[in-house]
Amino acid sequence: MKSHTPNREEKIWMDRITQIGCIVCLKLWDLQTPAEVHHIQGKTRPGSHLMTIPLCYAHHRSGKDLGMWTSRHPNKHRFEERYGTEEELLELTKRKVAEQF
């Protein structure tokens, strides 16, 4: 299945989360690093663009699991052991967005 086009609310959300930076870097080091949108439940369901967290390239899709970084893809289990579940990171993202906007 193909991703659905984000509606206005979803576009605003995804713009805001990328503005706060990687939620893992923010949580661990209070650093704002450039972020990509990570979809927690894929991109095809209605509302899926709201179930997203901001991750830098290293924490999102670099494929690495070493040193300061464990990439979410393909290391979901290790990523969640190290940084918390994606749902926990989503809740933190919501709080950070509410603080900033």
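Me: How do strands S1 and S2 pair, parallel or antiparallel, and over how many bridges?

Reply: When you read a strand pair, look for its sense and its bridges. In this predicted model, S1 and S2 pair in the antiparallel sense, with four bridges between them. S1 covers residues 36–39, and S2 covers residues 52–55.

Me: Which residue in S2 does Glu36 stand opposite?

Reply: To find a partner, look across the pair. Glu36 belongs to S1, and Leu55 in S2 stands opposite Glu36.

Me: Which way do the residues of S2 point, and are they buried or exposed?

Reply: Here you sort the residues by direction. Thr52 and Pro54 point one way from S2, while Ile53 and Leu55 point the other way; all of them are buried.

Me: Which side chains make polar contacts with the side chain of Glu36?

Reply: Look for pairs of N or O atoms within 3.5 Å. The side chains of Glu36 and His60 are joined by such a contact at 2.6 Å, and the side chain of Arg61 makes one with that of Glu36 at 2.9 Å. Beyond neighbours within four places in sequence, Glu36 is also in contact with other residues, including Thr18, Ile53 and Tyr57.

Me: What share of the residues counts as buried?

Reply: For the 101 residues of the protein chain, that share is 40%.

Key
Residues numbered from 1 in each chain as written. Predicted model: local features only at pLDDT ≥ 70, side-chain atom pairs only at ≥ 80, totals over all residues. Heavy atoms only, no water. Helix = DSSP H or I, 4+ residues; strand = E, 2+ residues; numbered from the N terminus. Polar contact = N/O pair within 3.5 Å; in protein donor to acceptor, adjacent residues only side chain to side chain. Contact = heavy atoms within 4.5 Å. Buried < 20%, exposed > 50% of the residue type's maximum accessible area, 1.4 Å probe, protein only. Pairing = 2+ DSSP bridges.
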